[in-house]
Number of protein chains: 4
Amino acid sequence: MPEINERDIAVFEAGIKLGALYHQFAGTPINADTVDGLERIIEDSIGVQPHVRSVSVSIDREMVEKKQNPKFGYCELEGRMLHVSLQVLYKNVIATVELAYDEGLDYPMMSVKKIEQM
Amino acid sequence: MPEINERDIAVFEAGIKLGALYHQFAGTPINADTVDGLERIIEDSIGVQPHVRSVSVSIDREMVEKKQNPKFGYCELEGRMLHVSLQVLYKNVIATVELAYDEGLDYPMMSVKKIEQM
Amino acid sequence: MPEINERDIAVFEAGIKLGALYHQFAGTPINADTVDGLERIIEDSIGVQPHVRSVSVSIDREMVEKKQNPKFGYCELEGRMLHVSLQVLYKNVIATVELAYDEGLDYPMMSVKKIEQM
Amino acid sequence: MPEINERDIAVFEAGIKLGALYHQFAGTPINADTVDGLERIIEDSIGVQPHVRSVSVSIDREMVEKKQNPKFGYCELEGRMLHVSLQVLYKNVIATVELAYDEGLDYPMMSVKKIEQM
């Protein structure tokens with residue numbers, strides 16, 4: 001197979017960011033009032049890492065409300081609550097990847113959506 | 001020794017919150033631009049947990065700037081960067097605890113500062 | 001109220017350890033084959049922290065098996081899967097605390113079980 | 001650019017695993033006695049995730065000993081202590097990636113080492 005190229009590295013870097021984000025923030029205590037703030041800080045935190053061109057995070061409010069403990073009024077951020085769209089720019093290649101809950105598989109699925117030359 | 005009382009539980013709950021906060025957020029990518037936002041979301045996240053009366057988080061900006069990787073422009077949140085003051089209210093008891101970097105011991109020290117009856 | 005004493009600190013330290021353990025290890029990928037090893041390393045990791053006299057961790061195998069994704073064959077460690085019994089020794093005081101899933105509240109509950117003078 | 005292919009996905013999956021591992025286990029309390037056990041459980045935990053063909057983790061004992069707090073006898077696992085070699089097999093493609101501390105950059109660097117067709 002051909003040598004490692006810019007495309008490989010762009011996709012690799014995008015994978016790193018999704019894995020990092022997931023395992024850094026899953027477990028954070030959360031309720032309906034803190035969802036907005038948490039979305040922004042996840043975006044900002046991942047945005048400071050190398051080669052990140054853009055990142056957009058949304059947390060499923062319905063799931064948060066359903067999971068909130070009735071007595072204590074909060075739950076924990078779970079991977080399946082996260083919808084993330086992220087772009088890495090490495091040299092001239094843009095890799096767009098996604099984290100989205102797959103209901104059929106009951107699994108927070110990470111996937112490559114698009115690879116472009118700038 | 002006497003039975004477990006409200007004072008014990010207040011102090012115990014305060015310990016839980018500091019341990020949780022530390023191990024949830026240490027490792028978060030951070031730079032000078034994201035310090036403010038991260039302080040607020042740590043406060044908000046810990047604030048949703050049971051019995052928290054107040055929580056104030058500040059991150060040592062000097063340490064962040066010194067630790068920022070020159071090439072990549074960010075570092076990771078470390079326990080020693082955190083200064084946290086937290087109050088738990090359990091029934092009629094307020095426990096005030098702190099996380100602060102102890103330079104002599106080079107250690108992020110957690111301690112009980114005050115215990116009051118409301 | 002009286003000054004902060006050894007009993008307060010013992011209970012506080014025990015709370016720290018449970019909070020730390022929970023937020024450090026929740027989210028770890030796990031399946032039936034790795035349960036034993038993960039139990040031991042959680043014990044060992046928490047055991048190196050100050051004032052820990054003993055710690056015993058068990059992970060609910062039934063929950064792990066039920067939560068394992070059928071396609072991918074693993075799940076993530078959740079707080080509710082954990083049963084932890086932990087003793088802190090501070091000076092002459094032993095505080096015994098517990099993390100256990102409370103089915104009624106559907107909540108991983110942390111509590112103080114006993115406080116003794118050595 | 002061509003459609004997303006097996007090679008892209010293999011490299012992407014390998015990136016996910018390194019990012020996940022790093023942010024799941026960094027922060028774990030550690031000392032010289034627990035290094036071996038922690039290496040094994042990181043390998044086992046990452047090994048249960050999809051498409052992992054092999055994973056080998058070693059923790060820099062010298063760094064651990066140097067970082068151990070003299071009073072408390074432990075430190076926390078840092079990304080720069082980790083050396084990880086990991087292979088993902090996706091369909092017929094094997095991606096070999098690495099996490100290794102780059103002294104020159106003072107940075108825990110993740111990189112793609114090889115991409116092969118089976």
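**Hairpins, sheet and chain contacts**

Analyst: Starting with chain D of this predicted model: strand β5 (residues 93–102) and strand β6 (residues 107–117) of chain D pair in the antiparallel sense, over 10 bridges.

User: Which residue is the bridge partner of D:Asp102 in β6(D)?

Analyst: D:Tyr107 is the bridge partner of D:Asp102. Further along, D:Leu99 stands opposite D:Met110 in β6(D).

User: How many residues sit between the strands in the hairpin of β5(D) and β6(D), and which residue takes a positive phi?

Analyst: There are 4 residues between the strands, and D:Asp106 takes a positive phi near 50°.

User: What about β4(D), how does that strand pair with β5(D)?

Analyst: Strand β4 (residues 82–90) of chain D pairs with β5(D) in the antiparallel sense, over 7 bridges. D:Val84 has D:Leu99 as its bridge partner in β5(D).

User: Switching to chain C. What is the strand order in the open sheet?

Analyst: The order is β2-β4-β5-β6, 4 strands with antiparallel pairing. At the edges are β2 (52–59) and β6 (107–117) of chain C, each of which pairs on one side only.

User: How much are neighbouring strands of this sheet turned against each other?

Analyst: By 10° on average, with direction ignored.

User: Over how many bridges do β4 and β5 of chain C pair?

Analyst: Over 7 bridges, in the antiparallel sense, between β4 (residues 82–90) and β5 (residues 93–102) of chain C. As for a residue pair, C:Ser85 stands opposite C:Glu98 in β5(C).

User: Which strands does α1(C) lie across?

Analyst: α1(C) lies across β2, β4, β5 and β6 of chain C, and runs at about 145° to β4(C).

User: What about helix against helix, at what angle do α1 of chain B and α1 of chain C cross?

Analyst: At roughly 35°, and their axes come within 6 Å; both helices cover residues 6–25.

User: Is the crossing of α1(B) and α1(C) left-handed or right-handed?

Analyst: The crossing of α1(B) and α1(C) is right-handed. The residues of that contact divide into 14 nonpolar, 8 polar and 6 charged.

User: Now the copies. What rotation superposes chain A on chain D?

Analyst: A rotation of 180° with 0.0 Å of shift along its axis, at an RMSD of 0.0 Å. The two copies are thus related as by a two-fold rotation axis. Both copies use the same surface, with 100% of the contact residues of chain A recurring in chain D.

User: How many residues does the contact take from chain A and from chain D?

Analyst: Chain A gives 23 residues and chain D gives 23 residues. On the chain A side, α1 (6–25) and β6 (107–117) each supply at least two residues.

User: Which element gives the most to the side of chain A that touches chain D?

Analyst: α1(A) does, with 15 residues. By class, that side of chain A has 14 nonpolar, 5 polar and 4 charged residues.

User: And chain C on chain D, what rotation superposes those?

Analyst: A rotation of 180°, with 0.0 Å of shift along its axis and an RMSD of 0.0 Å. Here too the same surface serves both copies: 100% of the contact residues of chain C recur in chain D.

User: How many residues does the contact of chain C with chain D take from each?

Analyst: 20 residues from chain C and 20 residues from chain D. On the chain C side, β1 (29–30) and α2 (35–47) each supply at least two residues.

User: Which element gives the most to the side of chain C that touches chain D?

Analyst: α2(C), with 7 residues. The residues of that side of chain C divide into 9 nonpolar, 9 polar and 2 charged.

How values were computed:
Residues are numbered from 1 along each chain as its sequence is written. Chains are lettered from A and ligands numbered from 1 in the order in which they are written. This is a predicted model: local features need pLDDT of at least 70, side-chain atom pairs count only at pLDDT 80 or more; totals for chains, interfaces and linings use all residues. Copies are superposed by least squares on the C-alpha atoms of residues with pLDDT of at least 70 in both. Two residues are in contact if their C-beta atoms, placed from the backbone, lie within 7 Å. Ala, Val, Leu, Ile, Met, Phe, Trp, Tyr, Cys and Pro count as nonpolar, Asp, Glu, Lys and Arg as charged, and the others, Gly among them, as polar. Axes are lines fitted to C-alpha atoms, for helices over the stretch in contact, and angles run from 0 to 180 degrees between N-to-C directions. A crossing is left-handed if the near helix is turned anticlockwise from the far one by less than a right angle, and right-handed if clockwise. Two strands pair if DSSP finds at least two bridges between them.
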